[in-house]
Amino acid sequence: MSQTLMNDAENAAVTAAAPAETAAALSFKASEKIVYENNKLHKRLCRQVGQAIGDFNMIEDGDKIMVCLSGGKDSYALLDILMTLRERAPIKFDIVAVNLDQKQPNFPDHILPAYLKELGIPFHIENQDTYSIVKRLIPEGKTTCSLCSRLRRGILYRVADELGANKIALGHHRDDIMETFFLNMFFGAKIKGMPPKLQSDDGKHIVIRPLAYVKEADTERYAQVKNFPIIPCDLCGSQENLQRKQIKNMLREWEKKHPGRVDNIFSSLSTVVPSHLMDGELFGFKDLKATGEAMANGDIAFDEEPCSTGSTVSSIIPLRSEE
Ligand code: SF4
């Protein structure tokens, strides 16, 4: 074979191999990026959960935490992140996972025990047919959720007692908290949210929500990344809560049109100024008297409110004396 022919053949081989190599390199880069993004997501979840635990002193040395597992994305994420944090924590606490099997039709009762066995953590499945009770007591077409959750709450408190758990962890996240806040305001005429930490109704336990700072979009993605065996949440056949759906859509629209607004609303939940609201139980308006002493961080009632750009009205419209 002549040298020219050999070179041509070699060149042809190289040209044919090049696209294949490029495709392999590209797909390697893409998978590296996915791994990087997934690590970032895991780190963010750990940081936000750790932050919420610290801010509200949710977990203390010697606690036994009962993690309520429904089979939905949020409770799987909660358990997973708490287990990671437990390994890194300077304190010791125990975790026991609990699922309440409410005997809804077609509930796949093998999924959670198999998952939890593989994780190797202590768990308990509580079998209670609340589904039949709810169906018997609530007329067809009426919302079943309030009775169902009241029954569930009572059972979970009892189980926590039996398991010796002093704290009960729930998988509610930042979006749940915001939605509840607006639901209470729009439909209940109250400024009331969903606290990250509270005493249970029976006074015996502390209920914690370690995902309080976590966005739902993140638990959704984390569930995909970790391939959690999700159990559908519509087995009870209950109608979707339309009011909650409306609020969810409202928040989504706001965030689309005004990025950052939802973050600001969420931050405002931890920056409450009772003296500038109208609840006489929170602030003693009736007994308010002038003290005669100036306060450095006192009231700014006569100052102009900052505009959304950060400028004040007077910085945009010159005052008469400056004209
Ligand atoms: S959606 Fe179904 S399982 Fe969930 S609280 Fe409502 S009735 Fe109960």
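## Overall organisation

Of the contacts in the protein chain between residues at least 6 apart in sequence, 75% join residues at least 24 apart; a contact here means that two C-beta atoms, placed from the backbone, lie within 7 Å. This is a predicted model, in which local features need pLDDT of at least 70 and side-chain atom pairs count only at pLDDT 80 or more, while totals for chains, interfaces and linings use all residues. Residues are numbered from 1 along each chain as its sequence is written.

The protein chain holds 10 helices and six strands. Helices (H or I, at least four residues) and strands (E, at least two) are DSSP runs, numbered from the N terminus. Of its 323 residues, 22% count as buried. A residue is buried if 20 or more other C-beta atoms lie within 10 Å of its own, exposed if 12 or fewer, and partly exposed in between, with C-beta atoms placed from the backbone.

Six strands form an open sheet in the order 3-2-1-4-6-5, with mixed pairing; two strands pair if DSSP finds at least two bridges between them. Strand 3 (123-127) and strand 5 (197-199) are the edge strands, each pairing on one side only. From one strand to the next, the twist averages 25°.

Strand 1 (residues 64-68) pairs with strand 4 (residues 167-169) in the parallel sense, over three bridges. Val67 has Ala169 in strand 4 as its bridge partner. Helix 5 (residues 145-163) lies across strand 1, strand 2 (94-101), strand 3 and strand 4, and runs at about 145° to strand 2. Such angles run from 0 to 180 degrees between N-to-C directions, and the axes are lines fitted to C-alpha atoms, for helices over the stretch in contact.

## The nonpolar core

The largest nonpolar core has 38 residues, and those with the most contacts inside it include Met66, Val67, Ala97 and Ala169. Such a core is a set of buried Ala, Val, Leu, Ile, Met, Phe, Trp, Tyr and Cys residues joined through C-beta atoms within 7 Å. Helix 2 gives the largest share of this core, six residues. Not counting residues up to four places away in sequence, Ala97 touches Val67, Leu69, Leu79, Leu116, Ile121 and Phe123.

## A loop residue

Pro108 sits in the loop between strand 2 and helix 3. Pro108 is exposed, because 12 other C-beta atoms lie within 10 Å. The C-alpha atoms of Pro108 and Ile231 are separated by 7.4 Å, although the two are 123 residues apart along the chain.
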